[in-house]
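Have the structure open beside you as you read.

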Amino acid sequence: MFIEARGIEKTFPAPAFGGGAGLRALAGLDLKAGTGITGLAGPNGSGKTTALKVLAGVLLADSGEVLADGKPESPERLRALVSYCPANPRGFYFRISAAENLRFFGALAGLPPAEAAGAAAELAPPLGLSAADLGRRFDALSEGTMQKVSLLRALSRRAPVLLLDEPFRGLDEAACAGLLGLLSGLSGSTAVVIASHDAALLGKAAGRILRITDGTNGGEAAR
Amino acid sequence: MRTLRAAAAFLRKDFLTERSYRLSFALGAAGTLSGILVFYFIDKLFGSALAPHLAPYGTGYFTYVFTATAFFGYIGTGAGAYSERLRLEQAQGTLEAVLSTPITTGAFLLALTAWNFIFATFELLVYAACAVFLFKLDLAAANWPAAALVFALSAACFASLGILSSCFVMLFKRGNPLAWVLNNFEGLLGGVYFPVTLFPPWLAAVSNLLPVTYAVRAFQLTVHKGAGLAAAGGDILALALFDLALVPASVYLFHLSIERAPAPGTLGQY
(Lines give C-alpha, C1' and ligand atoms only; values in the text may rest on other atoms or scores of the structure.)
Protein backbone atom coordinates (compact mmCIF):
# COMPACT_ATOMS: atom_id res chain seq x y z
CA MET A 1 0.00 0.00 0.00
CA PHE A 2 1.10 3.57 -0.56
CA ILE A 3 -0.25 6.63 1.11
CA GLU A 4 -0.21 10.03 -0.45
CA ALA A 5 -0.96 13.60 0.55
CA ARG A 6 -1.88 15.97 -2.26
CA GLY A 7 -1.90 19.72 -1.80
CA ILE A 8 -2.68 19.54 1.91
CA GLU A 9 -3.27 22.91 3.53
CA LYS A 10 -3.92 23.37 7.20
CA THR A 11 -4.23 26.51 9.24
CA PHE A 12 -5.03 26.26 12.95
CA PRO A 13 -7.51 29.01 13.67
CA ALA A 14 -6.81 31.61 16.33
CA PRO A 15 -8.92 31.12 19.47
CA ALA A 16 -12.39 32.65 19.12
CA PHE A 17 -12.45 36.18 20.61
CA GLY A 18 -8.77 35.75 21.48
CA GLY A 19 -7.47 37.92 18.68
CA GLY A 20 -4.34 37.20 16.68
CA ALA A 21 -3.91 35.30 13.48
CA GLY A 22 -4.26 31.60 12.82
CA LEU A 23 -1.19 29.39 12.48
CA ARG A 24 -0.50 28.07 9.01
CA ALA A 25 1.00 24.61 9.54
CA LEU A 26 0.77 23.11 6.06
CA ALA A 27 0.85 25.10 2.87
CA GLY A 28 0.08 22.68 0.06
CA LEU A 29 2.08 19.66 1.18
CA ASP A 30 2.62 16.85 -1.32
CA LEU A 31 3.98 13.60 0.05
CA LYS A 32 3.98 10.01 -1.08
CA ALA A 33 5.12 6.98 0.88
CA GLY A 34 4.97 3.40 -0.31
CA THR A 35 5.96 0.10 1.24
CA GLY A 36 9.20 0.58 3.12
CA ILE A 37 10.35 3.30 5.46
CA THR A 38 10.11 6.99 4.63
CA GLY A 39 11.63 9.55 6.94
CA LEU A 40 10.33 13.05 7.54
CA ALA A 41 12.81 15.67 8.65
CA GLY A 42 12.47 19.38 9.25
CA PRO A 43 12.86 22.01 11.93
CA ASN A 44 10.44 22.51 14.84
CA GLY A 45 7.13 23.84 13.62
CA SER A 46 7.73 22.86 10.02
CA GLY A 47 4.54 20.77 9.88
CA LYS A 48 5.73 17.17 10.39
CA THR A 49 3.28 16.31 13.18
CA THR A 50 0.42 18.06 11.42
CA ALA A 51 1.19 16.10 8.26
CA LEU A 52 1.18 12.79 10.14
CA LYS A 53 -2.09 13.61 11.89
CA VAL A 54 -3.77 14.49 8.59
CA LEU A 55 -2.50 11.25 7.05
CA ALA A 56 -3.83 9.34 10.07
CA GLY A 57 -7.31 10.88 9.78
CA VAL A 58 -6.94 12.43 13.24
CA LEU A 59 -6.87 15.98 11.91
CA LEU A 60 -8.94 17.42 9.07
CA ALA A 61 -7.13 19.35 6.36
CA ASP A 62 -8.56 22.64 5.11
CA SER A 63 -7.95 21.55 1.54
CA GLY A 64 -6.19 18.86 -0.42
CA GLU A 65 -6.70 15.14 -0.17
CA VAL A 66 -5.20 11.99 1.26
CA LEU A 67 -5.11 8.94 -0.95
CA ALA A 68 -4.44 5.29 -0.16
CA ASP A 69 -3.35 3.23 -3.17
CA GLY A 70 -4.37 6.17 -5.34
CA LYS A 71 -7.91 6.42 -3.98
CA PRO A 72 -9.07 9.43 -1.96
CA GLU A 73 -10.03 8.28 1.52
CA SER A 74 -12.19 9.75 4.26
CA PRO A 75 -10.71 10.37 7.73
CA GLU A 76 -12.87 7.51 9.03
CA ARG A 77 -11.38 5.08 6.53
CA LEU A 78 -7.88 6.40 7.18
CA ARG A 79 -8.25 5.63 10.88
CA ALA A 80 -8.89 2.02 9.90
CA LEU A 81 -5.92 1.84 7.52
CA VAL A 82 -3.38 3.77 9.51
CA SER A 83 -1.80 3.12 12.87
CA TYR A 84 -0.46 6.32 14.39
CA CYS A 85 2.00 6.68 17.24
CA PRO A 86 1.94 10.26 18.58
CA ALA A 87 5.03 12.07 19.80
CA ASN A 88 3.60 12.35 23.29
CA PRO A 89 3.23 8.96 25.00
CA ARG A 90 0.69 10.17 27.53
CA GLY A 91 -2.55 9.31 25.72
CA PHE A 92 -3.10 6.31 28.00
CA TYR A 93 -5.19 5.47 31.05
CA PHE A 94 -2.81 6.00 33.94
CA ARG A 95 -4.75 4.04 36.59
CA ILE A 96 -4.60 0.72 34.75
CA SER A 97 -1.65 -1.40 33.65
CA ALA A 98 0.21 -1.07 30.38
CA ALA A 99 -1.10 -4.49 29.35
CA GLU A 100 -4.69 -3.45 30.07
CA ASN A 101 -4.15 -0.28 28.04
CA LEU A 102 -2.88 -2.36 25.12
CA ARG A 103 -5.85 -4.70 25.44
CA PHE A 104 -8.23 -1.71 25.47
CA PHE A 105 -6.78 0.10 22.46
CA GLY A 106 -6.39 -3.21 20.65
CA ALA A 107 -10.11 -3.87 21.09
CA LEU A 108 -10.96 -0.45 19.63
CA ALA A 109 -8.81 -1.34 16.64
CA GLY A 110 -10.64 -4.65 16.25
CA LEU A 111 -8.10 -6.97 17.90
CA PRO A 112 -9.50 -9.77 20.10
CA PRO A 113 -7.86 -9.83 23.56
CA ALA A 114 -5.77 -12.93 22.80
CA GLU A 115 -4.43 -11.38 19.62
CA ALA A 116 -3.58 -8.12 21.38
CA ALA A 117 -1.78 -10.04 24.14
CA GLY A 118 0.04 -12.18 21.56
CA ALA A 119 1.21 -9.12 19.64
CA ALA A 120 2.40 -7.48 22.84
CA ALA A 121 4.29 -10.62 23.90
CA GLU A 122 6.00 -10.84 20.51
CA LEU A 123 6.87 -7.17 20.05
CA ALA A 124 7.77 -6.21 23.63
CA PRO A 125 11.16 -7.98 24.04
CA PRO A 126 12.95 -6.21 21.15
CA LEU A 127 11.93 -2.89 22.71
CA GLY A 128 13.28 -3.98 26.07
CA LEU A 129 9.86 -4.29 27.67
CA SER A 130 9.41 -7.11 30.15
CA ALA A 131 6.21 -8.82 31.25
CA ALA A 132 6.67 -7.05 34.59
CA ASP A 133 6.74 -3.67 32.80
CA LEU A 134 3.51 -4.52 31.00
CA GLY A 135 1.85 -5.57 34.25
CA ARG A 136 2.77 -2.32 35.98
CA ARG A 137 0.26 0.49 36.31
CA PHE A 138 0.85 3.07 33.57
CA ASP A 139 1.53 5.92 35.99
CA ALA A 140 4.33 3.89 37.55
CA LEU A 141 6.27 3.68 34.27
CA SER A 142 9.22 5.86 33.36
CA GLU A 143 8.85 8.25 30.43
CA GLY A 144 10.97 5.99 28.21
CA THR A 145 8.90 2.92 29.11
CA MET A 146 5.71 4.85 28.36
CA GLN A 147 7.19 5.59 24.94
CA LYS A 148 7.87 1.89 24.40
CA VAL A 149 4.26 1.03 25.30
CA SER A 150 3.07 3.75 22.93
CA LEU A 151 5.16 2.19 20.14
CA LEU A 152 3.81 -1.23 21.05
CA ARG A 153 0.24 0.06 20.76
CA ALA A 154 0.90 1.32 17.25
CA LEU A 155 2.93 -1.68 16.10
CA SER A 156 0.53 -4.31 17.41
CA ARG A 157 -2.30 -3.16 15.16
CA ARG A 158 -0.33 -4.43 12.15
CA ALA A 159 -2.03 -1.83 9.97
CA PRO A 160 -0.90 -1.45 6.35
CA VAL A 161 0.30 2.10 7.11
CA LEU A 162 2.30 2.97 10.22
CA LEU A 163 3.04 6.58 11.15
CA LEU A 164 5.53 7.23 13.95
CA ASP A 165 6.10 10.70 15.37
CA GLU A 166 9.45 11.02 17.17
CA PRO A 167 9.59 7.27 17.92
CA PHE A 168 13.16 7.37 19.29
CA ARG A 169 12.44 10.00 21.92
CA GLY A 170 13.27 8.77 25.41
CA LEU A 171 14.48 5.34 24.25
CA ASP A 172 17.80 3.88 25.36
CA GLU A 173 20.32 2.59 22.85
CA ALA A 174 19.17 -1.02 23.04
CA ALA A 175 15.52 -0.09 22.56
CA CYS A 176 16.43 2.11 19.56
CA ALA A 177 18.25 -0.85 18.02
CA GLY A 178 15.29 -3.10 18.79
CA LEU A 179 12.89 -0.64 17.18
CA LEU A 180 15.08 -0.38 14.09
CA GLY A 181 15.00 -4.18 13.86
CA LEU A 182 11.22 -4.31 14.16
CA LEU A 183 10.78 -1.59 11.54
CA SER A 184 13.17 -3.32 9.21
CA GLY A 185 11.06 -6.46 9.53
CA LEU A 186 7.94 -4.50 8.63
CA SER A 187 9.44 -2.60 5.73
CA GLY A 188 8.61 -5.32 3.19
CA SER A 189 4.89 -5.20 3.87
CA THR A 190 4.03 -1.88 5.47
CA ALA A 191 4.25 1.76 4.47
CA VAL A 192 6.09 3.28 7.42
CA VAL A 193 6.55 7.04 7.82
CA ILE A 194 8.78 8.31 10.61
CA ALA A 195 9.13 11.94 11.69
CA SER A 196 12.21 12.55 13.78
CA HIS A 197 14.81 15.13 14.73
CA ASP A 198 17.38 12.41 15.28
CA ALA A 199 19.16 12.53 11.96
CA ALA A 200 21.42 9.56 12.71
CA LEU A 201 18.64 7.16 13.69
CA LEU A 202 16.36 8.43 10.93
CA GLY A 203 19.17 7.81 8.48
CA LYS A 204 19.55 4.24 9.73
CA ALA A 205 15.83 3.54 9.62
CA ALA A 206 14.63 5.16 6.42
CA GLY A 207 15.31 4.28 2.82
CA ARG A 208 14.60 7.87 1.85
CA ILE A 209 14.11 11.03 3.84
CA LEU A 210 11.81 13.89 2.83
CA ARG A 211 12.35 17.33 4.21
CA ILE A 212 9.38 19.49 5.22
CA THR A 213 9.98 23.22 5.33
CA ASP A 214 7.32 25.77 6.24
CA GLY A 215 4.54 23.30 5.61
CA THR A 216 5.65 22.27 2.14
CA ASN A 217 7.73 19.51 0.72
CA GLY A 218 11.33 20.65 0.63
CA GLY A 219 12.47 17.68 -1.43
CA GLU A 220 14.57 14.67 -0.50
CA ALA A 221 17.16 15.26 2.16
CA ALA A 222 20.78 14.50 1.39
CA ARG A 223 21.92 11.16 2.92
CA MET B 1 -19.39 -7.37 16.89
CA ARG B 2 -16.91 -4.48 16.87
CA THR B 3 -19.39 -2.32 18.75
CA LEU B 4 -19.83 -4.94 21.45
CA ARG B 5 -16.08 -5.45 21.66
CA ALA B 6 -15.59 -1.70 22.09
CA ALA B 7 -18.30 -1.57 24.77
CA ALA B 8 -16.76 -4.52 26.60
CA ALA B 9 -13.33 -2.88 26.42
CA PHE B 10 -14.66 0.39 27.88
CA LEU B 11 -16.52 -1.52 30.60
CA ARG B 12 -13.43 -3.44 31.64
CA LYS B 13 -11.21 -0.35 31.54
CA ASP B 14 -13.70 1.76 33.54
CA PHE B 15 -14.26 -0.99 36.09
CA LEU B 16 -10.51 -1.40 36.62
CA THR B 17 -10.09 2.36 36.88
CA GLU B 18 -12.93 2.72 39.39
CA ARG B 19 -11.59 -0.21 41.40
CA SER B 20 -8.22 1.49 41.62
CA TYR B 21 -9.91 4.24 43.65
CA ARG B 22 -11.08 1.80 46.32
CA LEU B 23 -12.43 4.23 48.89
CA SER B 24 -14.38 6.19 46.31
CA PHE B 25 -15.85 2.94 44.96
CA ALA B 26 -17.09 1.92 48.43
CA LEU B 27 -18.34 5.41 49.28
CA GLY B 28 -20.24 5.62 46.01
CA ALA B 29 -22.26 2.56 46.94
CA ALA B 30 -22.82 3.71 50.54
CA GLY B 31 -23.85 7.21 49.40
CA THR B 32 -26.86 5.71 47.65
CA LEU B 33 -28.26 4.63 51.03
CA SER B 34 -27.53 7.83 52.95
CA GLY B 35 -29.50 9.89 50.41
CA ILE B 36 -32.56 7.76 51.03
CA LEU B 37 -32.39 8.22 54.80
CA VAL B 38 -32.51 12.03 54.47
CA PHE B 39 -35.93 11.78 52.85
CA TYR B 40 -37.10 9.23 55.41
CA PHE B 41 -36.65 11.77 58.21
CA ILE B 42 -38.03 14.67 56.15
CA ASP B 43 -41.14 12.55 55.75
CA LYS B 44 -41.33 12.06 59.53
CA LEU B 45 -41.15 15.82 60.04
CA PHE B 46 -43.22 17.30 57.19
CA GLY B 47 -44.80 14.34 55.41
CA SER B 48 -48.41 15.06 56.33
CA ALA B 49 -48.22 18.67 55.07
CA LEU B 50 -47.83 17.37 51.52
CA ALA B 51 -50.72 14.92 51.72
CA PRO B 52 -53.17 16.90 49.51
CA HIS B 53 -50.56 17.18 46.73
CA LEU B 54 -49.79 13.49 46.91
CA ALA B 55 -53.42 12.32 46.80
CA PRO B 56 -53.37 11.77 42.99
CA TYR B 57 -50.51 9.32 43.45
CA GLY B 58 -52.14 7.47 46.35
CA THR B 59 -48.98 7.44 48.39
CA GLY B 60 -47.10 9.21 51.19
CA TYR B 61 -44.12 11.58 50.84
CA PHE B 62 -41.38 9.07 51.56
CA THR B 63 -42.66 6.52 49.07
CA TYR B 64 -43.12 9.30 46.49
CA VAL B 65 -39.63 10.73 46.85
CA PHE B 66 -38.06 7.27 47.17
CA THR B 67 -39.57 6.15 43.88
CA ALA B 68 -38.76 9.40 42.12
CA THR B 69 -35.17 9.45 43.38
CA ALA B 70 -34.54 5.86 42.32
CA PHE B 71 -36.09 6.54 38.91
CA PHE B 72 -34.37 9.90 38.40
CA GLY B 73 -31.08 8.45 39.60
CA TYR B 74 -31.12 6.01 36.72
CA ILE B 75 -32.46 8.18 33.92
CA GLY B 76 -30.34 11.09 35.15
CA THR B 77 -27.30 8.94 34.42
CA GLY B 78 -28.03 9.39 30.73
CA ALA B 79 -28.28 13.14 31.13
CA GLY B 80 -24.99 13.57 32.95
CA ALA B 81 -22.73 10.69 32.04
CA TYR B 82 -21.95 11.46 28.39
CA SER B 83 -20.57 14.93 28.97
CA GLU B 84 -18.87 13.88 32.20
CA ARG B 85 -17.10 10.95 30.56
CA LEU B 86 -16.16 12.92 27.48
CA ARG B 87 -14.71 15.69 29.62
CA LEU B 88 -12.72 13.11 31.57
CA GLU B 89 -11.30 11.65 28.35
CA GLN B 90 -10.30 15.17 27.28
CA ALA B 91 -8.72 16.04 30.61
CA GLN B 92 -6.66 12.86 30.85
CA GLY B 93 -5.51 13.18 27.24
CA THR B 94 -7.00 9.95 25.95
CA LEU B 95 -9.73 11.33 23.69
CA GLU B 96 -7.43 11.83 20.71
CA ALA B 97 -5.95 8.34 21.19
CA VAL B 98 -9.42 6.77 21.29
CA LEU B 99 -10.63 8.70 18.26
CA SER B 100 -7.47 7.77 16.34
CA THR B 101 -8.81 4.22 16.20
CA PRO B 102 -11.48 3.06 13.76
CA ILE B 103 -14.20 3.19 16.45
CA THR B 104 -17.55 4.32 15.00
CA THR B 105 -19.71 7.08 16.48
CA GLY B 106 -22.38 4.57 17.51
CA ALA B 107 -19.88 2.29 19.23
CA PHE B 108 -18.24 5.24 20.98
CA LEU B 109 -21.61 6.48 22.23
CA LEU B 110 -22.58 3.07 23.53
CA ALA B 111 -19.19 2.33 25.06
CA LEU B 112 -18.43 5.70 26.62
CA THR B 113 -21.10 5.45 29.31
CA ALA B 114 -21.60 1.68 29.54
CA TRP B 115 -19.97 1.61 32.99
CA ASN B 116 -22.17 4.47 34.25
CA PHE B 117 -25.31 2.61 33.24
CA ILE B 118 -24.08 -0.61 34.84
CA PHE B 119 -23.37 1.26 38.07
CA ALA B 120 -26.75 3.04 37.87
CA THR B 121 -28.42 -0.35 37.46
CA PHE B 122 -26.62 -1.54 40.58
CA GLU B 123 -27.87 1.54 42.43
CA LEU B 124 -31.38 0.85 41.18
CA LEU B 125 -31.16 -2.67 42.57
CA VAL B 126 -30.01 -1.27 45.91
CA TYR B 127 -33.04 1.03 45.90
CA ALA B 128 -35.34 -1.87 45.00
CA ALA B 129 -33.89 -4.08 47.76
CA CYS B 130 -34.27 -1.25 50.30
CA ALA B 131 -37.84 -0.61 49.14
CA VAL B 132 -38.82 -4.24 49.62
CA PHE B 133 -36.78 -5.38 52.62
CA LEU B 134 -35.92 -2.26 54.61
CA PHE B 135 -38.76 0.21 54.16
CA LYS B 136 -41.37 -2.37 53.16
CA LEU B 137 -42.97 -0.05 50.61
CA ASP B 138 -46.29 -1.18 49.23
CA LEU B 139 -45.90 -1.55 45.46
CA ALA B 140 -48.69 -4.10 45.02
CA ALA B 141 -50.74 -1.78 42.80
CA ALA B 142 -47.93 -1.22 40.27
CA ASN B 143 -48.54 -1.72 36.58
CA TRP B 144 -45.03 -2.97 35.79
CA PRO B 145 -45.35 -3.25 31.98
CA ALA B 146 -46.53 0.38 31.82
CA ALA B 147 -43.79 1.42 34.25
CA ALA B 148 -41.22 -0.35 32.09
CA LEU B 149 -42.48 1.54 29.02
CA VAL B 150 -42.21 4.85 30.86
CA PHE B 151 -38.75 3.85 32.07
CA ALA B 152 -37.53 3.01 28.57
CA LEU B 153 -38.97 6.17 27.00
CA SER B 154 -37.54 8.32 29.79
CA ALA B 155 -34.10 6.69 29.66
CA ALA B 156 -33.93 7.28 25.88
CA CYS B 157 -35.05 10.88 26.32
CA PHE B 158 -32.48 11.68 28.99
CA ALA B 159 -29.69 9.87 27.19
CA SER B 160 -30.48 12.08 24.18
CA LEU B 161 -30.25 15.20 26.32
CA GLY B 162 -26.94 13.91 27.69
CA ILE B 163 -25.62 13.27 24.19
CA LEU B 164 -26.66 16.77 23.11
CA SER B 165 -24.92 18.14 26.17
CA SER B 166 -21.72 16.28 25.29
CA CYS B 167 -21.65 18.00 21.87
CA PHE B 168 -20.91 21.23 23.76
CA VAL B 169 -18.07 19.49 25.60
CA MET B 170 -16.66 18.18 22.34
CA LEU B 171 -16.61 21.61 20.75
CA PHE B 172 -16.15 24.06 23.64
CA LYS B 173 -14.55 21.86 26.36
CA ARG B 174 -15.88 23.89 29.30
CA GLY B 175 -19.05 25.95 29.36
CA ASN B 176 -21.95 23.60 28.81
CA PRO B 177 -25.29 25.43 29.03
CA LEU B 178 -27.37 22.27 28.63
CA ALA B 179 -25.57 20.49 31.48
CA TRP B 180 -26.11 23.57 33.61
CA VAL B 181 -29.87 23.40 33.01
CA LEU B 182 -29.95 19.62 33.51
CA ASN B 183 -27.93 19.74 36.73
CA ASN B 184 -29.68 22.68 38.34
CA PHE B 185 -33.28 22.57 37.24
CA GLU B 186 -34.39 19.11 36.13
CA GLY B 187 -34.66 17.66 39.64
CA LEU B 188 -36.07 20.85 41.11
CA LEU B 189 -38.67 21.64 38.45
CA GLY B 190 -39.50 18.10 37.37
CA GLY B 191 -41.27 16.93 40.51
CA VAL B 192 -38.55 14.63 41.76
CA TYR B 193 -38.48 15.90 45.35
CA PHE B 194 -42.08 17.14 45.57
CA PRO B 195 -45.11 17.17 43.26
CA VAL B 196 -45.17 20.02 40.71
CA THR B 197 -48.66 20.97 41.89
CA LEU B 198 -46.85 22.90 44.65
CA PHE B 199 -45.55 25.39 42.08
CA PRO B 200 -47.18 28.72 41.27
CA PRO B 201 -48.73 28.76 37.77
CA TRP B 202 -45.80 30.50 36.07
CA LEU B 203 -43.32 27.95 37.44
CA ALA B 204 -45.66 25.08 36.60
CA ALA B 205 -45.67 26.36 33.00
CA VAL B 206 -41.85 26.17 32.92
CA SER B 207 -42.00 22.72 34.49
CA ASN B 208 -44.32 21.56 31.71
CA LEU B 209 -41.58 22.27 29.16
CA LEU B 210 -39.27 19.70 30.72
CA PRO B 211 -39.44 15.99 29.84
CA VAL B 212 -38.56 15.04 33.42
CA THR B 213 -41.96 16.34 34.58
CA TYR B 214 -43.80 13.89 32.33
CA ALA B 215 -41.37 11.09 33.12
CA VAL B 216 -41.62 11.37 36.91
CA ARG B 217 -45.38 11.84 36.92
CA ALA B 218 -46.00 8.90 34.59
CA PHE B 219 -43.66 6.66 36.55
CA GLN B 220 -45.27 7.58 39.86
CA LEU B 221 -48.75 6.94 38.48
CA THR B 222 -47.83 3.57 36.94
CA VAL B 223 -45.99 2.37 40.05
CA HIS B 224 -48.31 3.63 42.80
CA LYS B 225 -51.71 3.80 41.13
CA GLY B 226 -51.26 1.04 38.57
CA ALA B 227 -52.02 3.52 35.79
CA GLY B 228 -51.96 2.15 32.27
CA LEU B 229 -52.01 3.74 28.84
CA ALA B 230 -55.39 5.35 29.49
CA ALA B 231 -54.54 7.13 32.74
CA ALA B 232 -50.90 7.99 31.95
CA GLY B 233 -51.36 8.18 28.17
CA GLY B 234 -50.84 11.94 27.91
CA ASP B 235 -47.50 11.80 29.71
CA ILE B 236 -46.39 8.73 27.76
CA LEU B 237 -47.29 10.43 24.47
CA ALA B 238 -45.34 13.52 25.51
CA LEU B 239 -42.30 11.37 26.30
CA ALA B 240 -42.62 9.56 22.97
CA LEU B 241 -42.71 12.92 21.15
CA PHE B 242 -39.63 14.13 23.04
CA ASP B 243 -37.88 10.89 22.01
CA LEU B 244 -38.94 11.23 18.41
CA ALA B 245 -37.33 14.66 18.22
CA LEU B 246 -34.35 14.20 20.54
CA VAL B 247 -32.98 10.73 19.76
CA PRO B 248 -32.18 11.23 16.04
CA ALA B 249 -31.16 14.87 16.57
CA SER B 250 -28.73 14.02 19.36
CA VAL B 251 -27.08 11.12 17.54
CA TYR B 252 -26.75 13.18 14.35
CA LEU B 253 -25.32 16.20 16.16
CA PHE B 254 -22.90 14.06 18.16
CA HIS B 255 -21.70 12.43 14.94
CA LEU B 256 -21.28 15.91 13.46
CA SER B 257 -19.35 17.15 16.47
CA ILE B 258 -17.05 14.09 16.35
CA GLU B 259 -16.49 14.70 12.66
CA ARG B 260 -15.89 18.42 13.07
CA ALA B 261 -13.83 18.33 16.26
CA PRO B 262 -10.62 17.32 14.43
CA ALA B 263 -10.85 20.35 12.12
CA PRO B 264 -9.42 22.96 14.51
CA GLY B 265 -6.96 20.38 15.86
CA THR B 266 -8.25 20.61 19.43
CA LEU B 267 -9.01 16.94 20.10
CA GLY B 268 -5.95 16.72 22.29
CA GLN B 269 -6.74 19.93 24.16
CA TYR B 270 -8.73 20.43 27.34
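Begin with two helices of chain B: α4(B) and α11(B), the latter covering residues 211-224, pack at an angle of about 125° with their axes 10 Å apart. Helices here are DSSP runs (H or I, at least four residues), just as strands are runs of E of at least two, numbered from the N terminus. The axes are lines fitted to C-alpha atoms, for helices over the stretch in contact, and angles run from 0 to 180 degrees between N-to-C directions. Before going on, note that this is a predicted model, in which local features need pLDDT of at least 70, side-chain atom pairs count only at pLDDT 80 or more, and totals for chains, interfaces and linings use all residues. Residues are numbered from 1 along each chain as its sequence is written, chains are lettered from A and ligands numbered from 1 in the order in which they are written, and side-chain values use heavy atoms, with hydrogens and water left out.

How do α4(B) and α11(B) lie relative to each other? They are oblique, because angles under 35 degrees count as roughly parallel, over 145 as roughly antiparallel, 65 to 115 as roughly perpendicular and the rest as oblique. Contact means heavy atoms within 4.5 Å. By class, this contact of α4(B) with α11(B) has 10 nonpolar, 4 polar and no charged residues. Here Ala, Val, Leu, Ile, Met, Phe, Trp, Tyr, Cys and Pro count as nonpolar, Asp, Glu, Lys and Arg as charged, and the others, Gly among them, as polar.

Now follow α11(B) to another partner, α8(B). Their axes come within 9 Å and cross at roughly 165°, so α8(B) and α11(B) are roughly antiparallel. This crossing is left-handed. Among the residues that meet are B:W144, B:F151 and B:L161 in α8(B), with B:P211, B:A218 and B:T222 among those in α11(B). The contact of α8(B) with α11(B) divides into 14 nonpolar, 2 polar and no charged residues.

The largest pocket has a volume of about 830 Å³. Of the 34 residues lining this pocket, the closest to its centre are B:G73, B:G76, B:T77, B:E84 and B:E123. Which element gives the largest share of the lining? It is α4(B), with 12 residues. On a 1 Å grid over the protein atoms alone, a pocket is an open set of points with protein on both sides within 12 Å along at least five of seven lines, a cavity is a set where a 1.4 Å probe fits but cannot get out, and lining residues have an atom within 4 Å of a point. Grid points are joined across faces, edges and corners, and a volume is the space filled by probe spheres set on the points. The largest cavity has a volume of about 60 Å³, and its lining includes A:E76 and A:R79 along with B:L99 and B:F108.

Note on methods
Left-handed = near helix turned anticlockwise from the far one by under 90°.
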